[in-house]
Amino acid sequence: MFTLAEVASLSDIQPTYRILKPWWDVFMDYLAVVMLMVAIFAGTMQLTKDQVVCLPVLQSTVNPKVQPDTAGKADFTTVETTTAQEEASIGTVSFESSPTVTSDIPLSRATSSQYQPTESDQELKKEQKDSSGRKTNLDFQQYVFINQMCYHLALPWYSKYFPYLVLIHTIILIVSSNFWFKYPKTCSKIEHFVSILGKCFESPWTTKALSETACEDSEENKQRLTGAQSLPKYVSTSSDEGSPSASTPMITKSGFKFSADKPMIEIPSVTILDKKDGEQAKALFEKVRKFRAHVEDSDLIYKLYVGQTVIKTVKFIFILCYTANFVNTISFEHICNPKVEHLIGYTQFECTHNMAYMLKKLLISYISLICVYGFICLYTLFWLFRIPLKEYSFEKVREESSFSDIPDVKNDFAFLLHMVDQYDQLYSKRFGVFLSEVSENKLRGISLNHEWTYEKLRQHVSRNAQDKQELHLFMLSGVPDAVFDLTDLDVLKLELIPEAKITAKISQMTNLQELHLYHCPAKVEQTAFSFLRDHLRCLHVKFTDVAEIPAWVYLLKTLRELYLIGNLNSENNKMIGLESLRELRHLKILHVKSNLTKIPPNITDVAPHLTKLVIHNDGTKLVVLNSLKKMTNVAELELQNCELERIPHAIFSLSNLQELDLKSNSIRTIEEIISFQHLKRLTCLKLWHNKIVSIPSSITHVKNLESLYLSNNKLETLPAAVFSLQKLRCLDVSYNSIAVIPVEIGLLQNLQHFHITGNKVDVLPKQLFKCVKLRTLSLGQNCITSIPDKVSQLLQLTYLELKGNCLDRLPATLGQCQLLRKSGLVVEDHLFDTLPSEVKEVLNQDTGIPFANGI
């Protein structure tokens with residue numbers, strides 16, 4: 001027995017799919033149920049009452065000389081042919097010991113006048129006067145035998161199997177109507193679609209989004225009437241020069257356009273969306289996105305539905321055609337010729353079918369039902385091919401709501417939505433909310449603002465190396481509104497925030513001067529852009545594709561520093577729009593970290609303004625450098641990792657150059673260094689991390705050089721010419737193969753930082769300690785066996801590196817280096833322990849002098 005709860009659970013299975021059954025499918029299901037009832041009713045009656053009753057057809061003339069049949073054991077009577085009315089008036093048949101059938105027909109009508117009365121005839125007439133009737137010579141068993149035999153011989157097959165045919169046809173039609181719900185390749189998609197659709201329909205986010213849309217529409221209408229604005233716009237102190245215009249070159253390849261969005265209108269929430277509802281809505285957005293990608297790639301559901309509709313239509317035509325041919329075969333009267341005359345003595349029987357009348361009525365009912373069913377199938381086919389059901393447009397939803405980005409869908413996804421529209425179009429409208437990126441972004445914004453409050457953001461604010469207040473936001477769905485309430489923020493970093501939007505509230509952040517956009521193509525409102533244009537001083541943009549660079553970057557006319565980090569190869573150089581840099585009239589520093597093969601000629605548009613140009617390549621060879629000649633005001637130039645083999649000649653034209661950095665290239669010789677004598681202002685030369693094997697003596701002509709970095713090269717000696725640079729304050733020759741420090745080093749009276757770590761030096765010349773201005777001395781990882789006591793002459797020494805040598809002890813005179821402390825002494829612990837205790841105490845004193853190594 002089933003409990004009531006189990007029966008109730010069974011009733012909940014079918015309604016989940018009812019939204020995918022249009023009215024014609026529902027109507028055809030009801031018709032199929034009625035046809036099934038007709039089949040069951042007819043079949044039941046046939047099993048219980050179906051039979052035929054047969055009577056022999058008597059011969060009109062019989063030979064009087066015919067002897068009685070041995071099987072019937074009786075004589076045939078000679079009778080005249082009776083009329084149809086007389087045969088119909090035959091009375092009851094009595095089965096007695098003698099096979100005689102009585103009849104109400106008068107004897108005078110049974111005899112024929114053409115026969116002459118004989119002696120036997122007279123005897124027969126005498127007997128008929130006593131008992132009138134007609135002999136058939138059949139008993140009960142013979143009648144039963146004939147009835148059974150004629151049921152199979154005389155009765156048409158359609159009369160016998162009509163109920164079973166109706167049952168089979170109805171079952172096929174029912175299966176065809178529901179096959180797409182059960183087929184493995186489609187039922188899973190349908191199940192997921194119905195589940196997602198129901199959740200989207202009932203989601204609180206759907207109601208909130210549509211309600212806010214209605215509020216926005218009414219608010220916009222109110223503003224059009226009153227002309228009021230909800231937020232005051234930031235008033236720029238500068239002219240309109242630099243604002244976006246149609247003639248300004250922009251990045252257009254990616255489809256992103258600078259949009260001066262109108263200020264966001266704060267609309268009170270119609271419903272409160274708690275955290276749980278927000279998480280469920282975000283999960284629904286993800287499910288819808290994955291389901292769309294899964295379903296839109298095929299049209300199997302559509303083809304299957306069309307196929308089963310065609311099958312039902314063909315079935316209807318087939319049933320109608322053969323039924324029309326056999327409908328007249330259902331009759332009450334049938335003639336039977338069993339061909340068993342040797343058993344019963346009769347050749348022909350007239351039979352009646354007692355179910356003929358009822359089957360006729362049921363057949364008419366069945367034909368009527370199947371005709372209605374067929375017309376509905378034809379209508380379904382018309383609907384399937386009248387419009388392209390493999391395309392679905394949310395045009396009406398886009399017109400009625402603010403979600404103008406709801407995409408049109410195709411294939412099975414579109415067909416399922418068309419089917420849902422036949423049930424209720426409200427489902428599609430509410431489902432479209434979860435296809436909109438605008439809606440998803442709004443949800444993320446609400447969840448983001450709930451999670452990232454002002455107090456939480458304040459906890460993430462830190463002090464950077466420049467002692468500025470900095471906030472770094474990483475991998476968020478957007479920029480929280482509370483960020484713009486941090487009015488004392490100096491640096492804002494936004495990383496991996498694809499939907500970042502800078503609103504007008506940024507005008508409150510009057511201290512903001514530095515902005516970082518790492519893989520973050522941020523959009524700005526007009527008021528926000530005006531504020532950034534007048535206040536922003538430093539901008540860092542990191543990107544994978546050049547299209548990620550926001551177009552408004554090139555319009556920040558007060559920008560001083562611009563850092564571009566990403567792919568700017570030769571193909572993209574044609575479209576990156578760097579010609580727009582000419583608008584950055586106050587730009588001083590341009591930092592490009594990319595894979596350039598040549599310096600883009602358009603950079604020269606800002607060349608007169610630049611004071612520092614940095615190009616960090618990823619190992620791509622930088623070939624064309626002629627455009628450097630136009631950068632006459634550049635004071636600092638860095639060309640790192642550009643696979644340069646020689647010092648570019650274009651550099652020798654930069655008369656204002658003060659610092660040159662050619663780090664991590666493939667430079668082997670620097671014979672061109674003599675040309676640096678024309679660069680009167682050059683004070684710092686960095687040739688580190690190259691393949692230089694020697695320093696030419698012509699370096700003496702670069703008399704103003706103050707810093708020389710030659711670390712990580714292949715130097716084996718230091719020529720005396722290096723020590724003729726009297727203004728040299730920093731010399732770095734670390735990580736080479738130098739074995740001897742020349743005694744001429746004592747000539748560098750202004751030397752403050754000397755680095756020779758990672759070489760093969762074994763002896764320190766006494767002249768080294770004549771450089772009394774030394775503050776940093778790096779001697780680590782060499783072969784030095786002892787430190788002279790004259791190290792005490794370096795009274796300004798704050799950093800001494802000795803680790804990695806062959807020292808046995810440290811000189812006690814280290815205690816006379818007044819500024820040296822233990823934190824600035826890099827040695828092994830056991831060597832430090834060899835110092836006298838009073839020296840240790842001196843070195844352990846904390847004077848609060850900041851450590852500096854000069855690098």
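Leaving aside neighbours within four places in sequence, which residues is Phe754 in contact with? Counting contact as heavy atoms within 4.5 Å, the list is Leu731, Val733, Ile741, Ile745, Leu768, Leu774, Thr776, Leu777 and Ser778.

Some ground rules before going on. This is a predicted model, where local features need pLDDT of at least 70 and side-chain atom pairs count only at pLDDT 80 or more, while totals for chains, interfaces and linings use all residues. Residues are numbered from 1 along each chain as its sequence is written, and side-chain values use heavy atoms, with hydrogens and water left out.

**Overall picture**

The protein has 22 helices and 24 strands; these are DSSP runs numbered from the N terminus, helices being H or I with at least four residues and strands E with at least two. Of its 855 residues, 46% are buried, where buried means under 20% relative accessible area, exposed over 50%, and partly exposed in between (1.4 Å probe, protein chains only). Take the contacts with a separation of 6 or more: 58% of them join residues 24 or more positions apart.

**Cores**

Phe754 also turns up in the largest nonpolar core, where Phe676 and Phe754 touch the most other members out of 133 residues. Helix α19 (residues 526–535) gives the most to this core, with four residues. Apart from it there is another core of 77 residues, including Ala281, Ala356, Leu381 and Met419. A nonpolar core here is a set of buried Ala, Val, Leu, Ile, Met, Phe, Trp, Tyr and Cys residues joined through side-chain atoms within 4.5 Å. In soluble globular proteins, nonpolar side chains tend to be buried together.

**Disulfides**

There are two disulfides in the structure, each called from a pair of cysteine sulfur atoms within 2.5 Å. With the bonded cysteines numbered in sequence order, they pair 1-4, 2-3.

| Disulfide | Sulfur–sulfur distance |
|---|---|
| Cys54 and Cys351 | 1.9 Å |
| Cys150 and Cys336 | 2.1 Å |

The link of Cys54 and Cys351 is right-handed, with 110 degrees about the S-S bond. Cys54 sits in strand β1 (residues 52–56) and Cys351 in strand β3 (residues 349–353), 297 residues apart. Cys54 is buried at a relative accessible area of 1%, and Cys351 is buried at 2%.

For Cys150 and Cys336, the torsion about the S-S bond is about -85 degrees, so this disulfide is left-handed. Cys150 lies in helix α6 (residues 140–153) and Cys336 in strand β2 (residues 333–336), so the pair ties together parts 186 residues apart in sequence. Cys150 is buried at 1% relative accessibility, and Cys336 is buried with a relative accessible area of 1%.
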